[in-house]
Amino acid sequence: MEQIAAILLIVGCNAEMSSCREVPLPEPIQASLSECEMARPLAMRMAGTGEPKVFSTCVPVSSGQNPRSVSIAWALTRGGDLAVELGEPKNLVAAR
């Protein structure tokens with residue numbers, strides 16, 4: 001499938017890497033993977049996580065996915081890389 005956008009993901013961790021969290025970004029969706037890669041260094045500096053370890057990556061979104069509604073699952077590998085998988089959005093059901 002053709003790539004239609006990219007999602008910028010930033011994760012901040014404590015020094016021991018025992019606690020990590022996704023850093024909210026004002027606009028994580030970029031028009032292309034190359035635009036995402038260009039925006040990444042500034043976004044990392046501006047993220048202001050307060051965490052000593054910060055990781056980031058750009059994840060391509062294919063034409064079969066809506067970048068505003070995909071679910072994002074991420075993990076840090078033993079090698080210190082940020083691994084990301086995009087999936088179908090979770091169906092939530094509201095009940096009273």
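Arginine 40 and glutamate 37 both belong to helix α1, where a separation of 3 residues places them about one turn of the helix apart. In this predicted model, their side chains form a salt bridge with an N to O distance of 3.6 Å. Arginine 40 counts as partly exposed because its relative accessibility is 24%, and glutamate 37 is likewise partly exposed, at 37%.

The structure holds 2 salt bridges. In the other pair, the side chain of glutamate 51 meets that of arginine 21 at 3.9 Å, N to O. This pair links distant parts of the chain, with glutamate 51 in the loop between α1 and β4 (53–62) and arginine 21 in strand β2, 30 residues apart. Glutamate 51 has a relative accessible area of 25% and is therefore partly exposed. Arginine 21 is also partly exposed, with a relative accessible area of 36%.

**Overall architecture**

The protein chain contains 1 helix and 6 strands, and from the N terminus on these elements run β-β-β-α-β-β-β. Of its 96 residues, 32% count as buried. The accessible surface comes to about 6,500 Å², and carbon and sulfur atoms account for 52% of that area. Among contacts in the chain with a separation of 6 or more, 64% are between residues 24 or more positions apart.

**Disulfides**

The chain has 2 disulfides. A disulfide is a covalent bond between the sulfur atoms of two cysteines. Counting bonded cysteines along the chain, the pattern is 1-2, 3-4.

| Disulfide | S to S distance | Torsion about the S-S bond |
|---|---|---|
| Cysteine 13 to cysteine 20 | 2.1 Å | about 110° |
| Cysteine 36 to cysteine 58 | 2.1 Å | -90° |

The torsion of about 110° makes the disulfide of cysteine 13 and cysteine 20 right-handed. Cysteine 13 is buried, at 0% relative accessibility, whereas cysteine 20 is partly exposed, at 29%. The link of cysteine 36 and cysteine 58, by contrast, is left-handed. It joins distant parts of the chain, since cysteine 36 lies in helix α1 and cysteine 58 in strand β4, 22 residues apart. Both cysteine 36 and cysteine 58 are buried.

**Nonpolar cores**

Cysteine 36 and cysteine 58 also belong to the largest nonpolar core, which has 9 residues in all; the other members are Ala6, Leu8, Ile10, Val23, Leu25, Ala43 and Ala47. The elements that give two or more residues to this core are β1 (3–13) and α1 (33–46). Strand β1 gives the most, with 3 residues. Alanine 47, a member of the core, touches Ile10 and Val23 when residues up to four places away in sequence are not counted. Apart from this core lies another, of 7 residues, including Ile7, Ile29, Val61 and Leu86.

**Glutamine 30**

Glutamine 30 lies in strand β3 (residues 29–30). Buried means under 20% relative accessible area, and glutamine 30 therefore counts as buried at 15%. The side chain of glutamine 30 reaches the backbone oxygen of glutamate 27 at 3.2 Å. Leaving out residues up to four places away in sequence, glutamine 30 touches Ala5, Ala6, Glu35, Cys36 and Ala39.

**Two loop residues**

Arginine 68 is placed in the loop between β4 and β5 (71–76). At 64% relative accessibility, arginine 68 counts as exposed. Beyond its neighbours within four places in sequence, arginine 68 is in contact with Glu27 and Ile29. Arginine 68 and isoleucine 7 are 61 residues apart in sequence, and their C-alpha atoms are 9.3 Å apart in space. Both Ile29 and Ile7 are among the residues of the 7-residue core.

Alanine 15 lies in the loop between β1 and β2 (20–22) and is partly exposed, with a relative accessible area of 45%. With residues up to four places away in sequence set aside, alanine 15 touches Pro52 and Lys53. The C-alpha atoms of alanine 15 and valine 54 are separated by 10.0 Å, although the two residues are 39 residues apart along the chain.

How values were computed
Residues numbered from 1 in each chain as written. Predicted model: local features only at pLDDT ≥ 70, side-chain atom pairs only at ≥ 80, totals over all residues. Heavy atoms only, no water. Helix = DSSP H or I, 4+ residues; strand = E, 2+ residues; numbered from the N terminus. Buried < 20%, exposed > 50% of the residue type's maximum accessible area, 1.4 Å probe, protein only. Polar contact = N/O pair within 3.5 Å; in protein donor to acceptor, adjacent residues only side chain to side chain. Contact = heavy atoms within 4.5 Å. Core = buried A, V, L, I, M, F, W, Y, C linked by side-chain atoms within 4.5 Å. Salt bridge = Lys/Arg side-chain N within 4 Å of Asp/Glu carboxyl O. Areas by Shrake-Rupley, 256 points an atom, 1.4 Å probe, with all protein chains shown as cover. Disulfide = S-S within 2.5 Å.
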